[in-house]
Amino acid sequence: MLTGVNHITLCVTDLARSVTFYHDMLGARVAAIWDRGAYLEIGSLWLCLEVAATVMPRDDDTHIAFATDNFATDSARITAPRWKENRSEGASLYFLDPDGHKLELHDGSLASRLAHCRSNPPAGYREA
């Protein structure tokens, strides 16, 4: 049985630039680094950065959302380009990493999202 997300790997074109971004802007802890990659920790998330010749950003809404315990402070530190305006429940900031990976800083939980959907159900909404 699955127990959770083990890790996420993102391909990057410039390892030093990406490590700096995730460490300085998002507060990730660098656990290990080598010529073609790095392991970082963001809360309980194990994030692997792997060097690639090119990165093909997606043209859809696929993204990684990070939790925060202080949205105002954390969002003020993020100066990266934005890719979307928030239209969902909870405070969110949608931004891009240096290779165009879509990221989100979100202040909310599954419970708060479900409560919002119960009171404002989207078309066809049902809970399992």
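This briefing walks through the fold, surface, charges and selected residues of one protein chain. The model is predicted. The chain has 3 helices and 8 strands. It holds 7 salt bridges, and 35% of its 128 residues count as buried.

**Overall fold**

- Along the sequence, the elements run β-α-β-β-β-β-α-β-β-β-α.
- The C-alpha atoms fill a box of roughly 50 × 40 × 30 Å along the principal axes.
- Consider the contacts in the chain with a separation of 6 or more: residues 24 or more positions apart account for 49% of them.

**Surface**

- The accessible surface of the protein chain is about 8200 Å².
- Carbon and sulfur atoms supply 55% of that surface.
- Three residues, Trp 34, Tyr 39 and Trp 46, form a nonpolar patch on the surface.
- Together these three residues have about 290 Å² of accessible area.
- Trp 34 sits in strand S2, which covers residues 29–34.
- Is Trp 34 buried or partly exposed? Its relative accessibility is 38%, so Trp 34 counts as partly exposed.
- Residues in a patch need over 30% relative accessible area, and Trp 34 passes that cut-off with 38%.

**Charges**

- The protein chain carries 12 positive and 17 negative charges.

**Salt bridge Arg 58 to Asp 60**

- The side chains of Arg 58 and Asp 60 meet in a salt bridge, at 2.6 Å from N to O.
- Arg 58 is exposed, because its relative accessible area is 51% and the cut-off for exposed is over 50%.
- Asp 60 has 31% relative accessibility, so Asp 60 counts as partly exposed.

**Salt bridge Lys 84 to Asp 61**

- Lys 84 and Asp 61 also meet through their side chains, with 3.2 Å from N to O.
- This pair links distant parts of the chain, 23 residues apart.
- Lys 84 lies in strand S6, residues 82–84.
- Asp 61 lies in the loop between strand S4 (45–51) and strand S5 (64–67).
- Lys 84 is partly exposed, with a relative accessible area of 25%.
- Asp 61 is partly exposed too, with a relative accessible area of 40%.

**Salt bridge Arg 113 to Glu 89**

- Which residue forms a salt bridge with Arg 113? The partner is Glu 89, and the closest N and O atoms are 3.1 Å apart.
- This pair also links distant parts of the chain, 24 residues apart.
- Arg 113 is in helix H3, residues 110–119.
- Glu 89 is in the loop between S6 and strand S7 (91–96).
- Arg 113 counts as partly exposed, at 29% relative accessibility.
- Glu 89 counts as buried, because its relative accessibility is 14% and buried means under 20%.

**A buried serine**

- Where is Ser 75 placed? Ser 75 is in helix H2, which covers residues 71–77.
- Ser 75 has a relative accessible area of 16%, so it is buried.
- Leaving out residues up to four places away in sequence, Ser 75 touches Leu 93 and Leu 105.

Notes. Residues numbered from 1 in each chain as written. Predicted model: local features only at pLDDT ≥ 70, side-chain atom pairs only at ≥ 80, totals over all residues. Heavy atoms only, no water. Helix = DSSP H or I, 4+ residues; strand = E, 2+ residues; numbered from the N terminus. Buried < 20%, exposed > 50% of the residue type's maximum accessible area, 1.4 Å probe, protein only. Contact = heavy atoms within 4.5 Å. Areas by Shrake-Rupley, 256 points an atom, 1.4 Å probe, with all protein chains shown as cover. Lys, Arg positive; Asp, Glu negative; His and termini not counted. Charge placed at Lys NZ, Arg CZ, Asp CG, Glu CD. Salt bridge = Lys/Arg side-chain N within 4 Å of Asp/Glu carboxyl O. Patch = residues over 30% accessible without salt bridge, like charges linked within 9 Å, V, L, I, M, F, W, Y side chains within 5 Å.
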